Amino acid sequence: MTTILANKTVILGITGSVAAYKAADIASKLTQAGAKVEVVMTEAATKFIAPLTLRSITGRPVVTDMFELASEFSIEHVALAEAADIVVIAPATACVIAKLASGISDDELTCTVLATEAPVIVAPAMHTSMLQNPITQQNLTKLKARGFTIVGPEYGWLASGEVGLGRLSETDKIIDTIGQVLSRRKDLAGRRIVVTAGGTQEPIDPARHIGNRSSGKMGYALAEAARDRGAEVKLIAAPTLLPEPASVEIAHVRTTAEMKKAVARAVAKADALIMAAAVTDYQPKSAAKTKLKKKSPALTLELVRTPDILSEVKGNLLKVGFAAESENIVANAKQKLKGKKLDLIVANDITDASSGFGTDTNKVTLIDKQGKVEDLPLLTKREVAERILDKVVGLLSEKGN
Ligand code: CTP
């Protein structure tokens, strides 16, 4: 842990919670581990703990006011954002979480978070009722979906004198999380990763198609997470309503045949292919050139199989597939893993409301070639993406390429 923190610039954001006093311990441990700790306090935080305490611990100026020329960073408010290897907000109040989720940047801390490309960790601390308020929960989900890491809060003694959920996580847990996020940070640097997303569509006529309910969210989350971990990412996207991720090369396709062609081109130089797309298995034997008219009471379409893109990919790259299942999840996924000669398969139960089509969450099981089965809890799609990429990093280094 000490090694990973050495010489890293950690922006420690402190907000107005009673737990602000614990930030002194976090600042101290980070400093002892060799990190350069830049403390940014909101005005409310300064009511709970004196900036001088943090300054004495870190040996660095503490930023409390965007307009005060107290530190070398104050001249340009994005300078801190650029210098950061990581931003940690501990404790984070419901208010700062809401501001971050809405992009409000009305002080040094929120400006820094909005401007930074560094990973952000948020450690909430608040009364249970504020935490459980659906607005706070939605805000936390929004942050997670944007790639923020949320640590805690924990169950325990609260400032109100009650016992409940809302207590700031222990310093060691926060420091461990910082280490994990930092070590993940660029672990895909130099890797070329191809990700497919969305559901392919097979035209019936110029107005209609056969398709499926994939939203593309899982594939997009994978592409963004791989990009943030340093990979060069090619995203092959079937139609979705999602905004295009920045700094990712994207190819838009519609049909399975188009996706197959784009994948074949992209994998030639890739280290890994992650097929998150839901590929339509059948297509009309021939698409009508003009719109079909409802002349007869019934219509029969002759469908033929589409190519199996994943099975047909050759080469020494790592292949990751998904298995969308509604029964015998693990057994069916294992069969696909073997049949399609994959290194890893991500199985999910599409009948589960929290991991079905279009949701922001997913509950998956990872199964590797050795038969190791890992059930993940219900996570946001971004978190699932990070866990899949953790496996990809390991498998790539095992493969030795
Ligand atoms: N896949 C593919 N080409 C196809 C169908 C699926 O490359 N024509 C990929 C998917 O992107 C996914 C994996 O294969 O990574 C498994 O897809 P899934 O739809 O779960 O399984 P199928 O192979 O289509 O089998 P079935 O529909 O019978 O369950």
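**Starting at a threonine**

Modeller: Let's begin with Thr196, whose side chain reaches the backbone nitrogen of Ala277 at 3.1 Å. Keep in mind that this is a predicted model.

Colleague: Which other backbone nitrogen lies 3.2 Å from a polar atom of the Thr196 side chain?

Modeller: The one of Ala276.

Colleague: And where is Thr196 found, in which strand?

Modeller: Thr196 sits in strand β8, which covers residues 192-197.

Colleague: Is Thr196 buried or exposed?

Modeller: Buried, because its relative accessible area is 0%, and the cut-off for buried is under 20%. Setting aside residues up to four places away in sequence, Thr196 touches Gly219, Ile236, Met259, Val263, Leu273, Ile274, Met275, Ala276 and Ala277.

Colleague: How many residues apart along the chain are Thr196 and Leu273?

Modeller: They are 77 residues apart along the chain, yet their C-alpha atoms are separated by 8.1 Å.

Colleague: Okay, new topic: the ligand. How many residues surround it, and which are the closest?

Modeller: There are 15 residues around the ligand, and the closest are Met275, Ala277, Phe322, Lys336 and Lys340. Ala277 is also the residue whose backbone nitrogen the Thr196 side chain reaches.

Colleague: Let's look at helix α14. Which of its residues are buried?

Modeller: In α14, residues 329-339, the buried ones are Ile329, Ala333 and Leu337. They cover an arc of only 65 degrees around the axis, so they lie on the same side of α14.

Colleague: Why would residues spaced like that point the same way?

Modeller: An α-helix has 3.6 residues a turn, so residues three or four places apart point the same way.

Colleague: What do the buried residues of α14 pack against?

Modeller: Three strands: β16 (318-325), β17 (344-349) and β19 (364-368). On the face turned away from the buried side, α14 carries the exposed residues Gln335, Lys338 and Gly339. Just after the helix, Lys341 takes a positive phi of about 50 degrees.

Colleague: Now the five-strand open sheet. What's the strand order?

Modeller: The order is β2-β1-β3-β4-β5, with parallel pairing. β2 (36-41) and β5 (149-150) stand at the edges with a single partner strand each, so one side of each has no neighbour in the sheet.

Colleague: How many bridges join β3 to β4?

Modeller: Four bridges join β3 (residues 86-92) to β4 (residues 120-124). Val88, for instance, has Ile121 in β4 as its bridge partner. Helix α6 (residues 94-102) packs on the sheet, touching β3 and β4, and its direction makes about 140 degrees with that of β3.

Colleague: Last one: Thr177. Which residues is it in contact with, leaving aside neighbours within four places in sequence?

Modeller: Thr177 is in contact with Ile121, Thr149 and Val151. Thr177 lies in helix α10, residues 171-185, and its side chain reaches the backbone oxygen of Lys173 at 2.7 Å.

Colleague: And why does Thr177 count as buried?

Modeller: Because its relative accessibility is 10%, and buried means under 20%.

How values were computed: Residues numbered from 1 in each chain as written. Predicted model: local features only at pLDDT ≥ 70, side-chain atom pairs only at ≥ 80, totals over all residues. Heavy atoms only, no water. Buried < 20%, exposed > 50% of the residue type's maximum accessible area, 1.4 Å probe, protein only. Helix = DSSP H or I, 4+ residues; strand = E, 2+ residues; numbered from the N terminus. Arc of directions from axis to C-beta. Contact = heavy atoms within 4.5 Å. Pairing = 2+ DSSP bridges. Axes fitted to C-alpha atoms, helices over the stretch in contact; angles between N-to-C directions. Near = heavy atom within 4 Å. Polar contact = N/O pair within 3.5 Å; in protein donor to acceptor, adjacent residues only side chain to side chain.
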